[in-house]
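Please open the model in your viewer and keep the selection panel at hand. The tour below goes from one selection to the next and says what is to be found at each stop.

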4 protein chains.
Amino acid sequence: MTMSTPLTGVVPPVCTPLTPDREVDVPSLISLVDHLVAGGVHGLFVLGSSSEAAYLTDRQRRLVVESVVTHVGGRLPVLAGAIDMTTPRVLDHVAAVIGAGADGVVVTAPFYTSTHPAEIARHYRLIAERSPVPVVAYDLPVSVHTKLGPDLVLDLAAEGVLAGLKDSSGDQAGFRAVVTGARTRHDITGFSVLTGSELLVDSALAMGADGAVPGLANVDPAGYVRLYDLCRAGDWERARAEQDRLFALFGMVGAGAADGRMGGSSSALGAFKAALRLRGVIACGATAEPQVALSEDEVERVGKYLASAGLL
Amino acid sequence: MTMSTPLTGVVPPVCTPLTPDREVDVPSLISLVDHLVAGGVHGLFVLGSSSEAAYLTDRQRRLVVESVVTHVGGRLPVLAGAIDMTTPRVLDHVAAVIGAGADGVVVTAPFYTSTHPAEIARHYRLIAERSPVPVVAYDLPVSVHTKLGPDLVLDLAAEGVLAGLKDSSGDQAGFRAVVTGARTRHDITGFSVLTGSELLVDSALAMGADGAVPGLANVDPAGYVRLYDLCRAGDWERARAEQDRLFALFGMVGAGAADGRMGGSSSALGAFKAALRLRGVIACGATAEPQVALSEDEVERVGKYLASAGLL
Amino acid sequence: MTMSTPLTGVVPPVCTPLTPDREVDVPSLISLVDHLVAGGVHGLFVLGSSSEAAYLTDRQRRLVVESVVTHVGGRLPVLAGAIDMTTPRVLDHVAAVIGAGADGVVVTAPFYTSTHPAEIARHYRLIAERSPVPVVAYDLPVSVHTKLGPDLVLDLAAEGVLAGLKDSSGDQAGFRAVVTGARTRHDITGFSVLTGSELLVDSALAMGADGAVPGLANVDPAGYVRLYDLCRAGDWERARAEQDRLFALFGMVGAGAADGRMGGSSSALGAFKAALRLRGVIACGATAEPQVALSEDEVERVGKYLASAGLL
Amino acid sequence: MTMSTPLTGVVPPVCTPLTPDREVDVPSLISLVDHLVAGGVHGLFVLGSSSEAAYLTDRQRRLVVESVVTHVGGRLPVLAGAIDMTTPRVLDHVAAVIGAGADGVVVTAPFYTSTHPAEIARHYRLIAERSPVPVVAYDLPVSVHTKLGPDLVLDLAAEGVLAGLKDSSGDQAGFRAVVTGARTRHDITGFSVLTGSELLVDSALAMGADGAVPGLANVDPAGYVRLYDLCRAGDWERARAEQDRLFALFGMVGAGAADGRMGGSSSALGAFKAALRLRGVIACGATAEPQVALSEDEVERVGKYLASAGLL
């Protein structure tokens, strides 16, 4: 499996099922991959935010990539996040995930440190130089606290440094600038522009995006594939209806937010995992430390979202 | 060497000298430690922000701690940062730095992920449970993007989870709340409150703080020790004069900021290292990737700050 | 003219032409209104951000509303901003603009002061109580520094407090939540959801929005009306082409941003006014104090954007 | 009364007592002024943040200035805020407060609009040109969302544009840069640097600041005057004890924050006014709309702070 052509379609950021004592639950992970493949997804992205990459040790990260790559056996491209603070540390992760068989790497701008566009460009150039597989930029200002500017992304695409963008910035106008630039600039070819939004997939595809990387596709891969197919067919009305159904389903991420006793990550990742357990895909809904677990009531609330969306 | 009593005095966050090809320059690191010890400092903090911890690979981090601990040989306490995104990853670093001989660990709240006070408390509790050495909280909102609340810190101090605080938040009122709380709450003993500011050491000590962790003390350790001693002696007028001299010297951190071609980290860390090279302490001023290097003109500007402060 | 039915269509935030000595240039304002009406717009919004409401004195604000309302003579609905920090001050502006003939008022959440959702709700309720004309909420976090939550907006719509939303938040997912909620909640009728974006009008309308309030429609009203009509006709492909043309035209807002000598407001509002002057609609491109004026080169750059878009 | 010499000492931002129906309660305002004068304060600042200037209509603002200026009769300098979004609107307020007798005006950078250092400088220059009385810059990033850079302030001081700074930025290092610059730059004379902090007055004066503008001085003017005198006498130990007492008293600002049902302004201003009522200085604790009122329990909590500080 290579990524010689631009990546398109639905590429879920694969959740990382954990055992009650917070080890990677490999059988559940394999089951989840089977569930995604059965849903018709076009690629997999492991070690992203929905994968709790920020919470996994190096040993656990390696185990995730090896397990998924081995099980997929080349049927789909497998991208892997190489999430760390700066270039030297990211390069270690790039080597690790490629060693474990990843077909492409997904990399944010430097974080924790204060940074600058010139330093971000240098960061991606150094990584692309050392990476034998395509490098996809990951724009996630809520975590990284800088925004990748559209011109920076497009210039690095033209240089051949970047093979794609996963845009989780929430800035749809900036996203459109990249989509349009990638289509109209003569010095750019084969660049893949993917939205990280669960809620704007139809909009993104209507603008000309190549695909989507929605965390909620763990829970309902078939729904996102159906949405993708409707958009590709130009059936915007039914696409909107499907997107609206998924929009409502996404409400589950607030399951733990009612009384202010946990953060957004605990609530959203807890809900995705609770939903996967309720659907019988994974064995245990535990999230990594120090996240707070959903209560039984909150899990029940997740179940109601599944039921309303026709998934239980 | 243990940290059974609360840490006091000047505890510089030790820069990490690099070779031109960005390996740890151990002889320069040893020379820097000697320079700091000769300046009279009361402890050392390796793998902090001024140490470029965010840029060092795991291998390099371990080399730094081992080199410094071995060379210091128990003459001073050596704290080490365990800087990573979440509890499981921080725990790996805690094990590594303790294995390398650190006398205490310095830990931020979770970052990159969205978090919550309850999760931050759980994070520190889990780390303290597993750490045989004292845990110092590192409050650095500019990097971590959350602020440790004074009450949270004081409650964790009372529980015995935290042994100290390094406050680089810039929030002097919040700092004062911790200093005052640590002095007046009956359930807290032996808690060390340290300012991370270069510019407010006299103010912090006047409020009752225990010490300071100023990055600029790499460049002028004797100056900060003199400032500390003047404050301890209650000679506030001469302390202010010394602080004012160091305030002016700190202007060097803007050496690379004039034309907007680099970020704040490149400029500040580049200036500290240029100053150490100009003073003959380290061999090379290189900073880690992807930081931008100071130009010759900018290094010359650093030299003028040194000259004005009587350090060249 | 009343606003008894929900407002739909293209409702430009009308620029306020100024004389070289910064008085309202009433003849140019009338000429601009004629240009907009000739372009086919469906309503007018005076005293918004693109109108430099924040820069106009109370006397100037009154002159603007009276001039436009009188000239329009009921052919189109005229909304007016009542932009100030808190409820009592906003109420004074509401009375003034209604006295001057406005058909509806547009109001932000409190700003400058620290606020809270309960206080924002109370703010809108008090204003609606005292306003004989419909109240439209203006969501503009870049100025107001709070975001109006979708549920807050929808609940106030259901109560009859709010008649519409102008969303300039940049948060398309939140916008979609309001659009969808307004369509599906049984307790809401006649609520108008308008995007303030220049760049996502097709997306917004595809989601089910009622219209758009794009500043750039001052420059090219016919373009936005054409875009609106194409979307209403379901001709999404040609709509996208028109939106892409307008997206490129919008690049003019960066005309003054190249060398960092002015802020975003100076650059964007300066560009709109330069374009209106170049198109012969207004007499002078001056913006209000303390904004920095575009240079001749920068105005020339604006001209190139007009030429590329077929507007010169 | 003029401000020909730099302002020094304790200059409280005078609360604006309101009647239950939110009109200015002039007798209570006069009583409050008497209370402050009796406490020994060195000047008065009306129409600041603690005065709820952002909530007062133009008519109410004028009434406040006239009432206070007339009653004070030149015994103390009276500064007045001219708080609005941009230069033209601020100029109207400047004219109004000078017409009502203010001895100096206090002005923030532009807010609501996006701005730029060059525009901020122009803003202050235009205001100083038109103001026959001294102009004091008000640095309040929590409201204004830009920070006044120390070099900008000092350059405008050297130009004669600014007569002083009220720093409520919370950035003590930046504050120190202004204090030190004002003392050491040869082109600056008679510039007054005042801290807006309640909690760092001793620190600020130890650095060389000229005075303080603490909102809490409404409640305990004599305490702040005592603190000021101790600092001026160099009795830093007793100064710290007095500051610590006031630090504890300041805890009242959180009286309404416990259960998240109001914003910070409602809680802090509500507490100040409750304290003034409990101390018998004003008749009614009402705050302006749309702020949420403190409950009886919360007012009782305020009373406990007063009792602990020896003020009841």
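## First stop: a loop in chain A

Begin by selecting A:Val213, which is found in the loop of chain A between strand E8 (211-212) and helix H9 (221-232); helices (H or I, at least four residues) and strands (E, at least two) are DSSP runs, numbered from the N terminus. Before going further, note that this is a predicted model, in which local features need pLDDT of at least 70 and side-chain atom pairs count only at pLDDT 80 or more, while totals for chains, interfaces and linings use all residues. Residues are numbered from 1 along each chain as its sequence is written, chains are lettered from A and ligands numbered from 1 in the order in which they are written, and side-chain values use heavy atoms, with hydrogens and water left out.

UniProt, in an unreviewed entry, lists A:Val213 under "binding site"; such positions are given in the numbering used here, feature names are shortened, and annotations may be inferred rather than shown by experiment. A:Val213 is buried, with a relative accessible area of 3%, where buried means under 20% relative accessible area, exposed over 50%, and partly exposed in between (1.4 Å probe, protein chains only). If neighbours within four places in sequence are left aside, A:Val213 is in contact with residues including A:Val11, A:Pro12, A:Phe45 and A:Lys166, contact meaning heavy atoms within 4.5 Å.

## The annotated pair

Next select A:Tyr138 and A:Lys166, which the unreviewed UniProt entry lists for "active site". They span 29 residues in sequence, yet no two of their C-alpha atoms are more than 4.9 Å apart, so they gather at one spot.

A:Lys166 is in strand E6 (residues 164-167) of chain A and counts as buried at 6% relative accessibility. Beyond its neighbours within four places in sequence, A:Lys166 is in contact with A:Tyr138 and A:Val213, and also with others, among them A:Phe45, A:Leu194 and A:Gly196.

A:Tyr138 belongs to strand E5 (residues 135-139) of chain A and, at 2% relative accessibility, is likewise buried. Its side chain makes a polar contact with the side chain of A:Ser49 at 2.9 Å; a polar contact is a pair of N or O atoms within 3.5 Å, of which, within protein, one must be able to donate a hydrogen and the other to accept it, and residues adjacent in sequence count only if both atoms are side-chain atoms.

## Across to chain B

Now display chain B against chain A, where the contact takes 47 residues from chain B and 46 residues from chain A. About 3500 Å² is buried between these two chains, 55% of it given by carbon and sulfur atoms; buried area is the accessible area (1.4 Å probe) that two parts lose on being put together, summed over both.

Between chain B and chain A the count is 6 salt bridges, a salt bridge being a side-chain nitrogen of Lys or Arg within 4 Å of a carboxyl oxygen of Asp or Glu. To view one of them, select A:Arg122 and B:Glu289, whose closest N and O atoms are 2.6 Å apart.

## On to chain D

Turn to the side of chain B facing chain D, where 20 residues of chain B are in contact with 20 residues of chain D. The area buried here is about 1500 Å², with 53% from carbon and sulfur atoms, and in chain B the residues that lose the most area to chain D are B:Arg176, B:Arg240 and B:Phe247, together 37% of what that side buries.

Here too the count is 6 salt bridges, including that of B:Asp244 with D:Arg176, in which the closest N and O atoms are 3.8 Å apart. Helix H7 (172-184), helix H8 (201-207) and helix H10 (236-250) of chain B are the elements that give two or more residues to this side, and H7(B) gives the largest share, 6 residues.

Finally, show chain A with chain D: these two chains do not touch, and their nearest C-alpha atoms are 10 Å apart.
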